Amino acid sequence: MTARRLAAAALAAGALVGAAALPATAADRSHRENVEISRVQYDSPGWDNGSNRSLNNEWVEVTNNSRHRVNLDGWRLTEDRRGVTYTFRHFSLGSHQTVRVHTGVGRDTARDLFQDRRNYVWHNSRDTATLRNDSRRVVDSVSWGERNHRGDDNRNHNGRGHNHR
């Protein structure tokens with residue numbers, strides 16, 4: 001009887017270790033699926049005069065809707081027409097947190113990141129923003145403008161239209 005109990009205990013311990021290792025990968029994937037482009041300000045308010053203030057009023061918000069922190073290191077936010085890309089470096093997004101990625105120059109914080117560009121990224125009349133994970137798989141994509149025949153099916157857009165693909 002003792003040998004049977006020991007064998008059962010060893011099998012149970014092995015199953016626990018295996019179960020603990022597998023869900024971490026699956027959980028990591030499910031957290032990544034809960035990251036989205038939540039808002040886009042593609043048309044900087046006022047005149048597009050190229051000032052850093054105007055450039056920083058052009059932004060994309062990325063939101064983590066999961067209950068766990070997500071490491072965005074190596075993730076990419078891409079403007080699809082010209083292929084302009086911002087790569088997240090050494091950044092993780094907390095549970096139910098949002099980060100705003102500005103076009104212009106600034107000091108990165110937990111809530112605001114800056115692409116440090118001197119030119120506008122997002123086209124005002126038509127464009128697509130795509131978020132890819134570190135495996136280059138599309139996590140979310142948002143389009144606005146002429147390709148989208150309906151302007152009323154946009155999510156929270158702060159006065160600027162966009163549609164998810």
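Which residues form one aromatic cluster with Tyr42? Trp122 and Trp144 do; the remaining points follow.

1. Basis of the note. This is a predicted model, in which local features need pLDDT of at least 70 and side-chain atom pairs count only at pLDDT 80 or more, while totals for chains, interfaces and linings use all residues. Residues are numbered from 1 along each chain as its sequence is written, and side-chain values use heavy atoms, with hydrogens and water left out.

2. Confidence. The average pLDDT (the predictor's confidence in each residue, from 0 to 100) is 81 for the protein, and 68% of the residues score at least 70. In residues 14–30 the pLDDT is below 50, and this stretch has 2 contacts (heavy atoms within 4.5 Å) beyond near neighbours in sequence. Residues 149–165 also stay under 50, and for them the model has 45 contacts beyond four places in sequence.

3. Fold content. The protein has 2 helices and 11 strands; these are DSSP runs, helices being H or I of at least four residues and strands E of at least two, numbered from the N terminus. The order from the N terminus is α-β-α-β-β-β-β-β-β-β-β-β-β. Of contacts between residues at least 6 apart in sequence, 53% join residues at least 24 apart.

4. Burial and surface. Of the 165 residues, 36% count as buried, meaning under 20% relative accessible area, with exposed over 50% and partly exposed in between (1.4 Å probe, protein chains only). The protein exposes about 9,900 Å², of which carbon and sulfur atoms supply 49%; accessible areas come from the Shrake-Rupley method with a 1.4 Å probe, and for residues only the protein chains shown count as cover.

5. Ser54. This residue is found in helix H2, residues 52–56. Ser54 counts as buried because its relative accessible area is 5%. Leaving out residues up to four places away in sequence, Ser54 touches Ser44, Trp47, Asp48, Asn49 and Tyr120.

6. Aromatic pairs. Rings of Phe, Tyr and Trp (its six-membered ring) pair if their centres lie within 6.5 Å; planes under 30 degrees apart count as stacked, over 60 as edge-to-face and the rest as tilted. By this rule there are 4 aromatic pairs. Tyr86 and Phe88 pair edge-to-face, at 5.2 Å centre to centre with 75° between the planes. Phe88 and Phe91 form a tilted pair, at 6.4 Å and 35°. Tyr86 and Phe88 are both buried, and Phe91 is buried as well.

7. Charge over a ring. The charged end of Arg100 sits over the ring of Trp59, 3.7 Å from its centre; the criterion is NZ of Lys or CZ of Arg within 6 Å of the ring centre and within 35 degrees of the ring normal.
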